Amino acid sequence: MRSIASLTLALAAGATAVDFSRSHDTNSSVWSSAAELPAAASHSRSPISRFWNRPSKRQGGWSPPSDLATALQEVWDHCMSTYSDFWGFKNYGWDQIHATEGKINVCVRWESDSAVTEAQRAQVASVYAAQYQKWFSWLYDYDNFPYSNIDVNIVGWAVKDQSLLQGSTKGITVYTDTDADGVPQCSEACGRFFHQDGNYNSCPGGADAHYDHSLWLTDGFSGGAGGDWGQRIGREYFIGALGSSDVHILLHEMGHTFGLDDFYDWLPTGQTNFIMNAGSATVITDFDGWMLRNWWNGLSRYRGWQ
Ligand SMILES: [Zn+2]
């Protein structure tokens, strides 16, 4: 089911938005149970801690741990049979990083009347990038993944009024555009969602000034939403979580940007606690990491990227 947010985008652009998050993502009760989970409850084996056990030769093909293989196959089959245009859709996060050769430029939609300091913006940028790295650490040096680092940067902020951005705005593009509902949005001329052909000629700074997707920080928004257009979470939630190592709703929504599915109506064999099962884990688990790897394994071969 699409969220209002993605529908707004789709209507404004006349483009097709894919919102992989289900409407349940916006139900705060889904997430409340995760707040009580110990942070490391389901984080048994991080990719870092296993690094030294890896074979020196890059691993090719598909060889997940045997205790995860059945569940991973079930998830892959479920996505293939339920996504409307699994292979034909060309704006997954994967397509985005392929186009940029390993970079993600993000624009923040600040849906709030609150001011935001320069220091807070720097923190938003670093915490946001750190969350993405938790996913990408599963890909570096795995199965011919071509990037050893995905550079994640917040390159723009859309606000109602420029005065909300306190301190220096050097290094970011400030947008005061609005969408069809009058809500601040980063310029359509510079957004990949609106220019999936990669033609940014109408963007004042050209392709160098483009952004790949958006981070919507919305006052009073409960839960989250995620898709090819980016991620949406509550402003209060994210600002309150800037000191946290794992911003679990954001981690979940980033998974959607890279095609991962929700699990509100079924669970794969033997798997109950993982970040993509909303509210069941506060960290990316081995199972989440292998689901991401499964996407790389399948999509990279289908697209001819390896
Ligand atoms: Zn979701």
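Ideal angles at a metal are 109.5 degrees for four tetrahedral donors, and 90 or 180 degrees for six octahedral ones.

The model is predicted: local features need pLDDT of at least 70 and side-chain atom pairs pLDDT 80 or more, while totals for chains, interfaces and linings use all residues. Residues are numbered from 1 along each chain as its sequence is written, and side-chain values use heavy atoms, with hydrogens and water left out.

His252 belongs to helix α7 (residues 248-257) and Asp262 to the loop between α7 and α8 (286-303), ten residues apart. Helices (H or I, at least four residues) and strands (E, at least two) are DSSP runs numbered from the N terminus. Both His252 and Asp262 are buried, that is, under 20% relative accessible area; exposed means over 50%, and partly exposed lies in between (1.4 Å probe, protein chains only).

**Salt bridges**

The whole structure contains eight salt bridges, each a side-chain nitrogen of Lys or Arg within 4 Å of a carboxyl oxygen of Asp or Glu. Among them are the following.

| Pair | Closest N to O distance |
|---|---|
| Asp179 and Arg109 | 3.0 Å |
| Arg232 and Glu111 | 3.0 Å |

Asp179 sits in the loop between β3 (173-175) and β4 (213-218) and Arg109 in strand β1 (residues 103-111), so their bridge ties together parts 70 residues apart in sequence. Asp179 and Arg109 are buried. Arg232 is in strand β6 (residues 230-234) and Glu111 in strand β1, so this pair connects parts that are 121 residues apart in sequence. Arg232 and Glu111 are likewise buried.

Asp113 lies in the loop between β1 and α5 (118-136) and Lys160 in the loop between β2 (151-158) and β3, so the pair ties together parts 47 residues apart in sequence. Asp113 is exposed, with a relative accessible area of 56%. Salt bridges that share partners join Arg109, Glu111, Asp179 and Arg232 into one network.
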